[in-house]
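Welcome! Let us walk through this structure together, one step at a time.

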Amino acid sequence: MNDKSTWEFGTRQVVYGAIGAALYGVFSWATNIFPLPAAGNVTFRPAVAVLIFFAAAYGPWVGLLAGFIGNTLGDALSGWGFYWHWSLGNGLMGLVAGLVSASIKDFRAQGDIVKAVGWGIAGVAVGMLFASLTEMFMGGIDLNTALFGYFTPAFLGNAVVTVILVPVLMIAFAAVASRRGR
Amino acid sequence: MLVTWKYRLRDTFIQRLDPRTRLIFLFSIIFALTIPEIWDLRIILPIFAISLTLYLMARIEWKDVKRGWAFILVFLIFIVGINGVLSGRGGPSSVTNIESPILFYVPILTSFGWDVPITVSKLWFAISQILRMLTMAILAIPIPYTMDPNIYGTAFKRMGASDNVSFTMDLAFRFLPTFARDFTITVDAQRARGYEMESLKGGLFERIRRLSPLIIPVVMQSTVTGEEVIDAMDLRAFGTNKRTWIKTLTYAPRDYFMLGLGAAIFITCCVLKWGLGIGGFFVPDFFTALLVGS
């Protein structure tokens, strides 16, 4: 199901990078249009779970491209513009989450699910930290605002979604992959 | 709900520009303001005027863009503006270091003796910060409305991205309407089975978990589609040679003008700041006089 080297970048990565990006764009747009109710300024984006799942399943290149392009697509669909640093932050989120892909052998196994979720949360932390800190140079906000106004809500919301939805996606994927035979 | 691109063909100067020109110009402005750390409104305002002119030249209808504007203005005023007025931090240290008349205090934790002084300097900083961000944002906002989605891949390829990366981008834009349609069909199908999207009940975890019936079918179907696309591409020997691209991009004189303008703005900002020491934060006398009298 998962024989691959971490940094391979061939047809499979191109296609799944594009699919991941398109899905991330669609789900981001759906959440932008119909935001999920949450506490404070924390927002939940189920799209993030899809990104983490694609990264864990197909590797860091897929994560990077799906995150970068997907966030650009979501913003484009919502009409918000093009913010390269947030797109790159989302890309980094996928890239870090994808570093675990080569070690995932069974998408149903509890250990592999925990690994994927753990790396996913690490990816969320790195990606959102990058985007929040870049906002200091772009927007001239101070470190406190970057950490508590941007990073913390984005990290919490995305981490919660990752913990809840990534295991569900992995188990569903295991069934599909075993039926497909590859 | 219908997923549609915001892009419409309009016969405008902006849309006649090469997409590479627009992206490079956007980055020129971002770098011109951020790398030499320009906080002087005498420099920011002319650049803002250029950005605003380009935005107006895009002739985007207000009804299309009002949602995006609402988001950006709320963000700028309530997060950036209020933070700037209260803390004065985030920009150069001179905002809080220089002697500046106190206009009033904001009582935040009065019982602990912590009232935040609002100074003329902080107020001017907040205005500078909002305008500085707006200058960059109004160049970014029109992109989805005025740049053909089919051209992104070609544009990135011509800007030096690899075939694989550019093709991923191109493919993503093509996949998107299909997956958006799949998502809409899935939502309709689940609603027909009694799924209530508008009133997800339960606690936080439960509400998120209940999104699974909408997400899983679309994602799993897409992985199956992916295998078919990989087979089709492998059969056509994708990746064995350099690709050719159907769409070609060529710079016109107007593109060279805009690229030159972007470069000139960037170089001018660098020279002003590093060569002449102009461009840092300062509060003009007229503003202080306006607020506290001379």
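How much area is buried between chain A and chain B? In this predicted model, the figure is about 5800 Å², and carbon and sulfur atoms give 77% of that area. To make this contact, chain A contributes 64 residues and chain B contributes 73 residues.

Now let us look at what links the two chains. One salt bridge is found across the interface of chain A and chain B. Its partners are R12(A) and E227(B), whose side chains meet with an N to O distance of 2.9 Å. Between chain A and chain B there are also five residue pairs in polar contact, counting pairs with both residues at pLDDT 80 or more.

Which helices of chain A each supply at least two residues of the side that touches chain B? They are α1 (11-33), α2 (47-58), α3 (60-78), α5 (110-139) and α6 (143-180). Of these, α1(A) gives the most, with 18 residues. Sorted by kind, the residues on this side of chain A are 47 nonpolar, eleven polar and six charged.

Finally, step back and take in chain A as a whole. Chain A holds 182 residues, and 67% of them count as buried. Among the contacts in chain A with a separation of 6 or more, 76% come from residues 24 or more positions apart. The accessible surface of chain A comes to about 5700 Å², with 70% of it belonging to carbon and sulfur atoms.

Technical notes. Residues are numbered from 1 along each chain as its sequence is written. Chains are lettered from A and ligands numbered from 1 in the order in which they are written. Side-chain values use heavy atoms; hydrogens and water are left out. Contact means heavy atoms within 4.5 Å. Buried area is the accessible area (1.4 Å probe) that two parts lose on being put together, summed over both. A salt bridge is a side-chain nitrogen of Lys or Arg within 4 Å of a carboxyl oxygen of Asp or Glu. A polar contact is a pair of N or O atoms within 3.5 Å; within protein, one must be able to donate a hydrogen and the other to accept it, and residues adjacent in sequence count only if both atoms are side-chain atoms. Helices (H or I, at least four residues) and strands (E, at least two) are DSSP runs, numbered from the N terminus. Ala, Val, Leu, Ile, Met, Phe, Trp, Tyr, Cys and Pro count as nonpolar, Asp, Glu, Lys and Arg as charged, and the others, Gly among them, as polar. Buried means under 20% relative accessible area, exposed over 50%, partly exposed in between (1.4 Å probe, protein chains only). Accessible areas come from the Shrake-Rupley method with a 1.4 Å probe; for residues, only the protein chains shown count as cover.
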